[in-house]
Amino acid sequence: MIRAGVKATVLVPAGTALLLFASACGSPPAPTPTTSPSSPASTAPTSTAPPVDLSTLRRGTVPKAYPEPDLSGLPPKPAASAPVRERIAWEALRKVTDFANQVDPGARSSCPAFDPSRTKTATCTVTYLGEAYEFVLRDIKFQGTGLTDGRTEQGTISYRADLTAGPIIRDRVEIVLRHQNVAEYEACDMPEHVRFEFGSTKRRPSGSSVVGRWIHVPGISCRHLDPKTGTVSTLPLELYESGAPIHPSSRIGG
């Protein structure tokens, strides 16, 4: 699960050749054999490596620096005085967008109205690229201050929040892999975007260079053409919990 927890005041992420001269008197030179029975005829080496079909890969520019996602298109964060459901809805949208590493200008997010002093769980919904993603609030707690405006009491709300699924964007994955592998040609065997359900069976401990856990994405592999060897390598897609593809060096010890 992708977790978040907040507190907010509310109203109730490379030999020497020896030459013999025919100088003996009266002796003709011995005939020189034209072939040597003990020496097989030499042949030019042939390559058995199959040609690489570049049509199965997508070509792109190799970024010199890590391609940080541009999330400037997100809606503005609501003010602290905004209703708590609006602030949590924005948080849910930010979590989905962070995992995708790409803004969907048409994304929408909403949370139900609830009484934090009575409600223990609530589910917000984010619509991203036409798919629905749930942001589940658990252990909702309200700590009142005793101050009211005659209708509602001021206080703080706390909760645990879990994103149950996340979007994987093919172009974002491939551009990061181009940077990591220093390779122009990449291809992940997946649609332009997929809705990926999180689960404990899809996670495993990270490599020695990474703290946390990796998310294994069953059924999706990514290929790249090594510009030095001219060979194509294939690896299963694995992500950091942030949604970015893991770096090849991070696989050590994993």
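How much space lies in the second largest cavity? About 80 Å³ lies there, the volume being the space filled by probe spheres set on grid points joined across faces, edges and corners. A cavity is a set of points on a 1 Å grid over the protein atoms alone where a 1.4 Å probe fits but cannot get out, and lining residues have an atom within 4 Å of a point.

This is a predicted model, in which local features need pLDDT of at least 70, side-chain atom pairs count only at pLDDT 80 or more, and totals for chains, interfaces and linings use all residues. Residues are numbered from 1 along each chain as its sequence is written, and side-chain values use heavy atoms, with hydrogens and water left out.

The protein chain has 2 helices and 12 strands, taken as DSSP runs (helices H or I, at least four residues; strands E, at least two) numbered from the N terminus. Of its 254 residues, 36% are buried, meaning under 20% relative accessible area with a 1.4 Å probe, protein chains only.

Residues lining the second largest cavity include Phe 99, Ile 168, Arg 172 and Gly 243. Helix α1, strand β7 and helix α2 each supply at least two lining residues. The lining divides by class as follows.

| Class | Lining residues |
|---|---|
| Nonpolar (Ala, Val, Leu, Ile, Met, Phe, Trp, Tyr, Cys, Pro) | 9 residues |
| Polar (the others, Gly among them) | 2 residues |

Tyr 128 touches, among others, Val 96, Tyr 133 and Pro 167, contact meaning heavy atoms within 4.5 Å.

Terms used. Buried < 20%, exposed > 50% of the residue type's maximum accessible area, 1.4 Å probe, protein only. 1 Å grid on protein atoms, 1.4 Å probe; cavity = no way out; pocket = protein on both sides within 12 Å on 5 of 7 lines; lining within 4 Å. Lists of a residue's contacts leave out its neighbours within four places in sequence.
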